[in-house]
Amino acid sequence: MATARPIAAGILLLTALLLPTWGVEARTAILKAGEGWKLEVDGQHYVAKGVTFSGTGGPANFDKDCEQLKTLGVNTLRTWGTGDETAALLDAAHKHGLRVLVGLWLRPGRPGMENDDAFDYVRDAKGREAQLQATLAQVRRFKDHPAVLAWGVGNEVILNSPDDPSKVAYARFLEKVVRAVKKADTTHPVLSVDAWTLGIPFWEKYVPSLDAYGLNVYGRGIHALADAVKQAGGRKPWFITEFGAQGEWEAPKDARGVPQEPGDGEKYDVIVDGWRNALAPHVQAGRCLGLFVFNYSAALDHTGLWLGMLSGTSTRPAWHAVREAYTGVKPAPALPVPVRLEVRGLEKDWATVAFDVTSATPLDVSFAYNFRGAPARAERDRVTMLESRKGTTPGTWRVRLPVVTGAIKLYGLAKDGAGNLVAATTSVSAPATP
């Protein structure tokens with residue numbers, strides 16, 4: 001999963017001609033330490049306590065974003081790619097004492113990522129060279145910035161490759177890229193990112209120049225990750241480069257075929273438990289070098305509500321879970337707790353909905369929907385607010401359903417006076433299109 005916006009290779013090469021000067025860069029190293037490894041920044045032991053970063057509104061908000069994240073105990077950000085906003089983000093991160101795992105985007109091998117791109121690593125030699133040169137241009141542009149922690153090359157390309165020959169071709173190309181990056185920048189480690197442990201056999205066989213693995217992991221399976229790394233033949237340290245609640249792609253479906261989203265309490269608990277219990281022994285042993293929780297963004301969309309730390313200006317449970325994981329501070333006042341969201345009846349295009357939330361303070365209640373059966377990606381991701389009014393009995397509402405064909409995900413949203421937004425979900429078959 002990612003929110004990168006790759007920039008055309010030609011633009012990257014042009015912008016690289018204007019290389020800014022930031023002063024003395026931070027030197028990062030991954031060193032062998034006993035049976036494990038140690039990440040060091042300027043000679044000091046460093047553990048990445050991170051989040052993936054999309055931001056709340058572009059460069060104008062980066063200073064505030066970084067200031068807020070530091071209060072949560074975050075010390076590192078991860079991006080998926082570079083572009084026009086990267087310099088501003090690095091500057092803001094440096095101002096607030098944060099480091100950045102800078103992503104270097106490589107094109108996926110089949111549709112499925114955000115832009116539905118697909119690249120043929122087996123046959124497109126010209127395209128491979130263009131990607132290599134574009135990547136090196138960005139490394140040269142940013143390598144001397146003191147906020148750079150390391151480089152993260154590619155994101156789930158092995159997962160999003162159509163067959164083994166494509167995976168092997170990509171891995172062989174990745175080794176060429178990694179070597180070139182390390183030649184251009186001798187002061188920052190290089191890792192590559194893929195889902196779970198899928199990349200490890202390919203990295204071990206074809207990409208020996210990598211310094212570490214980046215593993216995207218979701219849900220309670222994080223407790224089994226260390227053993228899975230060993231079984232896959234892993235011999236290097238690793239970062240958890242994306243983490244959060246169980247994702248839609250592996251969640252069980254309800255009777256209408258809609259993936260069942262974990263409750264907000266589970267989303268909170270899995271982050272705290274993942275860092276404190278699943279990863280702590282491996283951080284101590286020097287196998288795991290850090291964690292990045294997905295995702296710091298203000299997007300009010302399907303992914304944002306499922307996995308995000310913010311929705312607009314409201315804080316989601318993941319926001320507070322990150323703070324408790326990294327600092328031990330619990331939310332005060334306590335977060336509202338959704339107890340039930342149930343559709344009790346349908347009458348034409350109106351649904352009678354029971355929505356119960358435990359809260360010590362009054363709540364602003366609203367409803368929204370998402371239609372994952374829509375043909376267009378933008379529509380599949382969109383969350384749309386619904387008209388609603390109080391029902392005839394306490395705890396019930398009348399909600400006007402959209403006119404679509406198929407089952408929709410229905411959200412019950414409750415916001416308290418402290419700006420905390422909690423959600424519960426269910427599904428309902430909306431009125432058929434006339």
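User: Where is the kink in helix 8 centred?
Analyst: In this predicted model, the kink is centred on Gly274 and amounts to about 45°.

User: How far apart are the end C-alpha atoms of helix 8?
Analyst: They are 29 Å apart. Helix 8 covers residues 264–284, and at 1.5 Å a residue its 21 residues should span 30 Å, so the two values agree.

User: Is Gly274 buried or exposed?
Analyst: Gly274 is one of the buried residues of helix 8, which also include Asp273, Trp275 and His282.

User: And which residue with a positive phi follows helix 8?
Analyst: That is Gly286, with phi near 80°.

User: Changing topic, how many aromatic pairs are there in the whole structure?
Analyst: The search finds 14. Among them is Tyr218 with Phe294, whose ring centres are 6.3 Å apart; the planes meet at 75°, so this pair is edge-to-face.

User: Which strands does that pair link?
Analyst: Tyr218 belongs to strand 9 and Phe294 to strand 11, 76 residues apart in the chain. Tyr218 counts as buried because its relative accessibility is 9%, and Phe294 likewise at 2%.

User: What about Tyr296 and Trp319?
Analyst: Their ring centres lie 6.5 Å apart with planes at 35°, so the pair is tilted. Tyr296 is in strand 11 and Trp319 in helix 10, so the contact ties together parts 23 residues apart in sequence. Tyr296 is buried at 0% relative accessibility, and Trp319 is buried at 9%.

User: Lastly, what lies over the face of Trp37?
Analyst: Lys32 does, at 4.6 Å from the ring centre.

Terms used:
Residues are numbered from 1 along each chain as its sequence is written. This is a predicted model: local features need pLDDT of at least 70, side-chain atom pairs count only at pLDDT 80 or more; totals for chains, interfaces and linings use all residues. Side-chain values use heavy atoms; hydrogens and water are left out. Helices (H or I, at least four residues) and strands (E, at least two) are DSSP runs, numbered from the N terminus. The expected span of a helix is 1.5 Å times one less than its number of residues. The bend at a residue is the angle between axes fitted to the seven residues ending there and the seven starting there. Buried means under 20% relative accessible area, exposed over 50%, partly exposed in between (1.4 Å probe, protein chains only). Rings of Phe, Tyr and Trp (its six-membered ring) pair if their centres lie within 6.5 Å; planes under 30 degrees apart count as stacked, over 60 as edge-to-face and the rest as tilted. A charge sits over a ring if NZ of Lys or CZ of Arg is within 6 Å of the ring centre and within 35 degrees of the ring normal.
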